[in-house]
Amino acid sequence: MLTRYSIVRGARSSSLPRGIRQDTRKHTSHVLRPTKEIVDEVFGSARDEAAWETYAARYRALLEERFAANRKPFDRLASFARWHDVYLGCSCPSTKNPDVMRCHTIVALRFMKERYPDLDVRLPAT
C-alpha cells in the first residue's frame with residue numbers, strides 16, 4: 001500500500017503510522033521530491049487555485065521527466081509498496097499550506113497510481 005502522512009517535528013513514535021515512512025520533501029533525494037524552485041514559487045505566490053494548478057502541472061512534468069529518464073526508482077518504490085505499507089512524508093498541512101489536498105504527495109500518489117494501476121494507492125480522506 002502506498003499513501004502519505006504528515007511529518008510532525010517532535011512527534012512520538014507511537015503517533016506515527018506503522019510501516020515504512022519516506023521523507024519526500026524538497027531537501028531530500030527521494031525520487032518523488034519536488035524541486036526547491038517550484039516549492040518556493042508556489043509558496044511565494046498567491047495561494048489560490050491558479051497557483052496550485054501551475055505548481056501541480058510543473059511538479060507532474062518533473063515526475064514525468066524523471067520517470068522517462070530512469071524509471072527504476074519508481075519501479076522499486078512500487079514493488080516495495082506491494083509488499084509493505086509505505087507512507088510518503090511531507091509537512092503538509094502547515095501554516096504555508098493548510099490544505100493537505102494541495103500537497104505534492106497527492107500529485108505523486110496519483111502519478112504512481114496511473115503508472116502502476118495494480119498498486120494499492122490511498123489518498124487521504126477529505
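## Arg4 and its surroundings

The side chains of Arg4 and Ser6 sit in a polar contact of 3.2 Å, where a polar contact is a pair of N or O atoms within 3.5 Å; within protein, one must be able to donate a hydrogen and the other to accept it, and residues adjacent in sequence count only if both atoms are side-chain atoms. Before going on, note that this is a predicted model, in which local features need pLDDT of at least 70 and side-chain atom pairs count only at pLDDT 80 or more, while totals for chains, interfaces and linings use all residues. Residues are numbered from 1 along each chain as its sequence is written, and side-chain values use heavy atoms, with hydrogens and water left out.

Back to Arg4. Its side chain also makes a polar contact with the side chain of Thr105, at 2.6 Å, and reaches the backbone oxygen of Cys92 at 3.1 Å. Arg4 lies in strand β1; helices (H or I, at least four residues) and strands (E, at least two) are DSSP runs, numbered from the N terminus.

Is Arg4 buried or exposed? Arg4 counts as buried because its relative accessibility is 10%; buried means under 20% relative accessible area, exposed over 50%, and partly exposed in between (1.4 Å probe, protein chains only). Despite being buried, Arg4 has no salt bridge, and the nearest side chain of opposite charge, Asp99, is 9.5 Å away. For charges, Lys and Arg count as positive and Asp and Glu as negative; His and the chain ends are not counted. A salt bridge is a side-chain nitrogen of Lys or Arg within 4 Å of a carboxyl oxygen of Asp or Glu.

Leaving aside residues up to four places away in sequence, Arg4 touches a list of residues including Tyr87, Cys92, Val100, Ile106 and Arg122; contact here means heavy atoms within 4.5 Å. The C-alpha atoms of Arg4 and Gly89 are separated by 5.7 Å, although these residues are 85 residues apart along the chain.

Cys92 is joined to Pro93 by a cis peptide bond, with omega about 0 degrees, and Pro93 has its place in the loop between β3 and α4 (104-115). Ile106 lies in helix α4 and, at 0% relative accessibility, counts as buried. Apart from Arg4, Ile106 touches Val100, Met101, Leu123 and Pro124, again not counting residues up to four places away in sequence.

### Aromatic rings

The structure holds seven aromatic pairs. Rings of Phe, Tyr and Trp (its six-membered ring) pair if their centres lie within 6.5 Å; planes under 30 degrees apart count as stacked, over 60 as edge-to-face and the rest as tilted. One of the pairs is Tyr5 with Tyr87, which is edge-to-face at 6.4 Å centre to centre and 90 degrees between the planes. Tyr5 lies in strand β1 (residues 2-6) and Tyr87 in strand β3 (residues 86-90), so this pair ties together parts that are 82 residues apart in sequence. Tyr5 counts as buried at 14% relative accessibility, and Tyr87 counts as buried at 14%.

Elsewhere, Phe67, Phe74, Phe111 and Tyr116 form one aromatic cluster. Arg115 lies over the face of Phe67, 4.8 Å from the ring centre; a charge sits over a ring if NZ of Lys or CZ of Arg is within 6 Å of the ring centre and within 35 degrees of the ring normal.

### Salt bridges

How many salt bridges are there? The count comes to 10, and three of these are listed here.

| Salt bridge | Closest N to O |
|---|---|
| Asp40 and Lys26 | 3.2 Å |
| Glu64 and Arg115 | 2.3 Å |

Asp40 is in helix α1 (residues 36-44) and Lys26 in the loop between β2 (20-23) and α1, 14 residues apart. Asp40 counts as partly exposed at 32% relative accessibility, as does Lys26 at 35%.

Glu64 lies in helix α2 (residues 49-69) and Arg115 in helix α4, so their pair ties together parts that are 51 residues apart in sequence. Glu64 is partly exposed at 28%, and Arg115 is partly exposed at 31%. Glu64 and Arg115 also belong to a network of salt bridges with Arg60 and Glu114.

Arg82 is partly exposed at 38% relative accessibility, whereas Asp118 is exposed at 56%.
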